[in-house]
Amino acid sequence: MIKLENVSKAYSAGIPALNDVNLYIEPGEFVFVVGDSGSGKSTLIKLLLKELEPTSGSIIINNQKLGNIRHRDVPRFRRNVGVVFQDFRLLKDRNVYENVAFAQRVVGTPVKKMRRKVPAVLSMVGLAAKYKSYPREISGGEQQRVAIARALVNEPKILLADEPTGNLDAHNAWEIMKLLDEINQRGTTVLVVTHNLDIVKAMKKRVITMKKGVVVEDEQAGDSYED
């Protein structure tokens with residue numbers, strides 16, 4: 001569950017990056033967030049990850065009020081919020097298995113559990129055979145699958161994807177979106193920030209449109225979406 005109540009974020013004097021935003025995303029939903037550059041999409045993601053603090057308003061994720069989470073408890077909070085970025089952010093000197101295992105080492109997962117979980121999640125994203133490969137040896141689409149596996153290995157309730165297809169060709173973009181849809185079908189709440197309106201229209205999910213820090217439209221799943 002994601003809930004924003006009257007959330008604003010101003011970086012400096014002038015127009016705020018977010019302005020009095022109210023949102024409610026149910027557990028298990030798949031939601032797109034769209035809008036031009038400067039609409040507040042990236043700020044929204046950073047607030048949900050508690051990388052930024054709102055200037056005003058409150059944010060509740062998985063029944064936790066983010067304003068009440070102490071700095072030392074932020075890593076624990078983030079275990080339940082996986083994140084995937086446009087630029088993959090893989091460790092280039094580690095192979096596929098080690099990139100995914102790194103997310104488990106950070107949270108102190110026992111090695112025995114890690115040896116079960118990492119191959120399982122790599123199999124889920126279709127990369128079981130590539131576990132020894134390094135990022136430079138696999139395609140962009142495969143690198144993004146590794147990033148998704150890393151985001152999922154700790155079984156987060158929520159997956160945030162910030163322009164996950166931005167560096168991919170059309171075929172790989174569709175493959176990644178189908179994978180995110182499968183992940184959602186397994187019960188994970190998925191929120192995708194994207195500029196790819198062709199995918200947004202085709203997938204017929206809920207679409208939140210932002211403009212200059214304000215939610216200007218909220219189309220429910222199955223509604224027709226127009227530019």
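Residues are numbered from 1 along each chain as its sequence is written, and side-chain values use heavy atoms, with hydrogens and water left out. Because the model is predicted, local features need pLDDT of at least 70 and side-chain atom pairs count only at pLDDT 80 or more, while totals for chains, interfaces and linings use all residues.

Helix α1 spans residues 41-48, and six of its eight residues are buried, so the rest of the structure largely encloses it. Buried here means under 20% relative accessible area, exposed over 50% and partly exposed in between (1.4 Å probe, protein chains only). The buried residues of α1 are Lys41, Thr43, Leu44, Ile45, Leu47 and Leu48. After α1 comes Lys50, with a positive phi near 60 degrees. Helices (H or I, at least four residues) and strands (E, at least two) are DSSP runs, numbered from the N terminus.

Next, to Asp218, which sits in strand β10 (residues 214-219). With 34% relative accessibility, Asp218 counts as partly exposed. Leaving out residues up to four places away in sequence, Asp218 touches Arg206, Val207 and Ile208, contact being heavy atoms within 4.5 Å. Asp218 and Ile208 are ten residues apart in sequence, yet their C-alpha atoms lie 4.5 Å apart in space.

The side chain of Asp218 also makes a polar contact of 2.8 Å with that of Arg206, and another of 3.4 Å with the side chain of Gln220. A polar contact is a pair of N or O atoms within 3.5 Å; within protein, one must be able to donate a hydrogen and the other to accept it, and residues adjacent in sequence count only if both atoms are side-chain atoms.
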